[in-house]
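I opened my notebook to go through this structure piece by piece. Here is what I looked up, in the order I got to it.

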Amino acid sequence: MLIASVSDLHTDFPENRTLIPRLAAEIYRRGARVIVLAGDVSHRDERIDRALRAFGELGARVVYVPGNHDLWFKVENAPERPDLDTWHRYHQGLRVLAERAGAHYLPSGPLRIGDVALVGSCGWYDYSFVLDPIRAALDPGDFGRKRLQGWMWSDARFIAFRDEQRALMADTDVARRMECELTAQIREVDADDAIRHVVAVTHHQAFSASVRRTGTLPWEFFNAFMGSEALGRAILTSPKMRVAIYGHTHTVGEQHVSGIRVFGTPLGYPRERVGLSPEEIIQTRIGWIDTVRFGAPSTCS
Ligand SMILES: [Fe+2]
């Protein structure tokens, strides 16, 4: 079985919207049965719906994990609106949208196809990817505020995860809850004897090896918001884990971590692809997993 993966489609850019039929056609031409969307389609529901349907129309099973952009509220300052809770959008709003479009909403539960299971979570960030010298040089409160000098991580304005008392949650607590939800899915498929291979999909990054480094600000400040090391530790607990797909970063990459293939193939912003022809984009921005290559079953149990 062939699984295709794309991420960070950012369909708010017309240039990206025009590429979607071409990406879908290539995935269909190669014969993928499953297409994974690893988050950041759009902050507008109608565009998420359109993208999910565009990939599903050609017959592949669409599997969707939302990214932070997809979770954004379209308001000026979501944290100041007690009626808005990003958990509600994550667990219900986007699930309903995805299922109406015929897609499998992966945060709601694993998808099993034969002896392969896909598990997934948006994941979140806990600042664990910040380099020690950068952490030492900055005020710890800068990360929670998501602001440094004139720079801002836009989740500060459009995300509002709330706890049971409707209080805003710290990013570290959001990350822990996302990790717990992913761990529950992993335990479920690990306990299923019919499943021999697991593929994890997270929007945020789970391994330091896939975090792009410059050693300079503001880049290394923004790496605080790339993901969490604990997400990776959760993924590594499964003896059946074969591949981990990520989005969020707009850098195409592939790494190997503890025997697991880890990769991201983001479309990203048009300005990040200057000089690439549409053909080169199609060739480099789709990830492929051939489950035949997973080989013999793991002897671990
Ligand atoms: Fe993202």
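I began with a pair of helices. Ala 175, Glu 179, Leu 182, Thr 183 and Ile 186 in H8 meet Ala 230, Leu 231 and Ala 234 in H10. For contact I used C-beta atoms, placed from the backbone, within 7 Å of each other. H8 covers residues 171-190 and H10 covers residues 229-236; they pack at an angle of about 10°, with their axes 9 Å apart. The axes are lines fitted to C-alpha atoms, for helices over the stretch in contact, and angles run from 0 to 180 degrees between N-to-C directions.

A note on ground rules. This is a predicted model, where local features need pLDDT of at least 70 and side-chain atom pairs count only at pLDDT 80 or more, while totals for chains, interfaces and linings use all residues. Residues are numbered from 1 along each chain as its sequence is written. Helices (H or I, at least four residues) and strands (E, at least two) are DSSP runs, numbered from the N terminus.

Next, the sheet. I found an open sheet of five strands in the order E4-E3-E2-E1-E13, with mixed pairing. Its edge strands are E4 (104-105) and E13 (287-290), and each pairs on one side only. Pairing here takes at least two DSSP bridges between two strands. I looked at E2 (residues 34-37) and E3 (residues 61-64), which pair in the parallel sense over four bridges. Val 34 has Arg 61 as its bridge partner in E3. Helix H2 (residues 45-56) lies across E2 and E3 and runs at about 145° to E3.

Then H1. I checked its length: 17 residues (14-30) at 1.5 Å a residue should span 24 Å, and the end C-alpha atoms are 25 Å apart, which agrees. The expected span is 1.5 Å times one less than the number of residues. H1 has a kink of about 30° at Ile 20, shortly before Pro 21. I took the bend as the angle between axes fitted to the seven residues ending at a residue and the seven starting there.

Which residues of H1 are buried? I listed Asn 16, Leu 19, Leu 23, Ala 24 and Ile 27. Buried means 20 or more other C-beta atoms within 10 Å, exposed means 12 or fewer, and partly exposed is in between. Their cover includes strand E1 (2-6), E2, H2 and helix H11 (278-284). Just after H1, Gly 31 takes a positive phi of about 85°.

H4 (residues 86-100) was my next stop. A kink of about 30° is centred on Leu 94. The buried residues of H4 are Thr 86, Arg 89, Tyr 90, Leu 94, Leu 97 and Ala 98, and what covers them includes H2, E3, helix H3 (68-71) and E4.

Most residues other than glycine have a negative phi, and most peptide bonds are trans. The bond from Leu 217 to Pro 218 is cis, with omega near 5°. Tyr 127 is not a glycine, yet has a positive phi of about 70°. I placed Tyr 127 in the loop between strand E6 (116-121) and helix H5 (132-137). Arg 166 also has a positive phi, near 70°. Is Arg 166 buried or exposed? Arg 166 counts as exposed, because it has 10 C-beta neighbours inside 10 Å.

How values were computed: Two residues are in contact if their C-beta atoms, placed from the backbone, lie within 7 Å.
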